[in-house]
Amino acid sequence: MATTATEKKVAGFLPKFHPAQVEIARSRARFKVVAAGRRFGKGVLGICRQFRKASRKKKCRWIAPTYASDSYQSGWNFAKGLAAQIPGVEIHLQKREFDFSRIGGAWLQFRTAEEPDSLRGEGIDDVVIDESGHIMNLEELWEQCVRPSLMDNSGQGLFIGTPNGFNYFYNLFLRSRDKEDWASYQFPTSANPHIDFAEIQELRASLPVLVARQEIDAEFVQLAGALFKRQNILVVDTEPPGVSWVRSWDLAFTEKTTSDWTAGAKMGMTADGTVVIADVVTGQMEWPDAVRTISNTSKLDGTQVRQGIECVSAQVGVLQTLLRDPLLLAHTFTPIEVHKDKLTRALPLVARSEQGKLAIVRGNWNQSFLDELCAFPEGLHDDQVDACSGGMTLLSLPTGAIDDVSKIHIGVNAPSKFRPSFQPRRLVTA
């Protein structure tokens with residue numbers, strides 16, 4: 001990258017853009033909205049744009065949905081790699097910032113959309129909002145917090161992401177129709193020539209048609225009511241016998257009306273592969289109440305029901321608290337790692353429902369559960385669906401139980417896990 005003639009030149013190497021990325025980069029529109037399929041190269045495009053601007057004394061900000069999201073972590077790691085090969089660029093891990101001041105530039109900050117008010121204050125020259133379609137509070141974040149910060153120097157903005165229904169990202173996508181300083185772009189995954197076409201076709205074959213049109217072709221489609229259909233979900237009167245049960249927890253520590261809920265779904269699978277949801281516990285709770293609810297529910301479920309907790313940010317603390325409770329010593333608590341977005345995690349459950357192999361046990365929780373399920377992924381809340389996605393993960397994990405009694409050895413003839421000559425010391429008392 002190079003600066004103007006009056007400034008210090010900076011030597012650095014940015015990845016080569018493919019033709020679709022070049023088309024977007026060359027546009028002189030002040031605000032750009034890019035709806036593109038998975039692995040198109042949206043993040044690379046956005047970060048390279050901001051490195052160029054930061055090296056030219058522009059104050060830049062990268063905004064992702066959450067700190068734990070893949071878009072934030074992969075973006076940060078990619079930016080670190082670029083900064084490492086530019087002498088003079090300082091990386092501030094605590095502030096999550098790249099400082100270009102030593103080479104005559106400004107800075108690039110990494111932030112999240114979790115607390116929009118934290119984005120108020122200092123004016124900036126450029127902003128990239130990653131995974132814009134998956135930021136629930138995008139309108140508030142943009143109109144009230146980010147857009148005013150661009151006023152000082154007529155700053156620019158880039159919205160990138162995969163479509164997610166007809167939400168505010170879609171509204172921004174349409175602004176280019178009547179606003180000259182806005183431009184919109186729509187590219188499928190296949191626009192990236194570095195992705196093997198066979199890989200795209202294999203992914204397409206594994207997804208429901210509407211999901212493939214959204215995730216691969218970058219189309220704005222209505223998924224609510226299309227993924228889960230009420231007529232495909234069976235209702236049974238009692239829990240089927242001979243089923244190993246698990247309960248998965250999706251946690252949210254707040255009591256605000258618009259915030260997420262804590263949800264725990266008890267699930268099992270019958271011999272013919274039918275996934276049965278036997279019970280769902282939900283509520284808006286602070287930390288102590290959530291821990292108490294999980295503890296009490298675990299005791300009611302019994303030790304034979306494995307409990308799983310998504311290990312994201314503060315939820316790790318809940319797992320540690322429960323593991324230290326002596327009254328829950330006989331219960332099994334399993335951490336569930338989250339690496340994918342909500343829609344991708346829910347696809348195994350979608351597949352079961354399409355095959356007619358998803359059932360719920362009749363109960364007073366059924367109505368709210370079905371309403372949320374059929375509105376997914378565009379409903380106001382998706383906590384019960386997330387809990388069920390975690391349950392599918394738990395059901396796929398080995399239990400570690402011994403099903404062959406002949407393998408159990410008790411007494412002096414039991415094989416020792418120590419070296420053959422090992423003999424435990426006797427406890428001698430005075």
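Residues are numbered from 1 along each chain as its sequence is written. Because the model is predicted, local features need pLDDT of at least 70 and side-chain atom pairs count only at pLDDT 80 or more, while totals for chains, interfaces and linings use all residues, and side-chain values use heavy atoms, leaving out hydrogens and water.

Among the buried residues of α8 are V291, I294 and D301 (buried means under 20% relative accessible area, with a 1.4 Å probe and protein chains only). Just after α8, G302 takes a positive phi of about 95°.

Next, look at α11 (residues 366-375) and α12 (residues 383-396), which pack at about 85° with axes 8 Å apart. The axes are lines fitted to C-alpha atoms over the stretch in contact, and angles run from 0 to 180 degrees between N-to-C directions. That makes α11 roughly perpendicular to α12 (65 to 115 degrees). Here S368, F369, E372 and L373 meet D383, Q384, V385 and C388, where contact means heavy atoms within 4.5 Å.

F369 leads us on to the largest nonpolar core, which has 35 residues; F369 and L349 are among those with the most contacts inside it. Such a core is a set of buried Ala, Val, Leu, Ile, Met, Phe, Trp, Tyr and Cys residues joined through side-chain atoms within 4.5 Å. Both α11 and α12 supply at least two residues of this core. A second, separate core of 33 residues includes W62.

Technical notes. Buried < 20%, exposed > 50% of the residue type's maximum accessible area, 1.4 Å probe, protein only. Helix = DSSP H or I, 4+ residues; strand = E, 2+ residues; numbered from the N terminus. Parallel < 35°, antiparallel > 145°, perpendicular 65-115°, else oblique.
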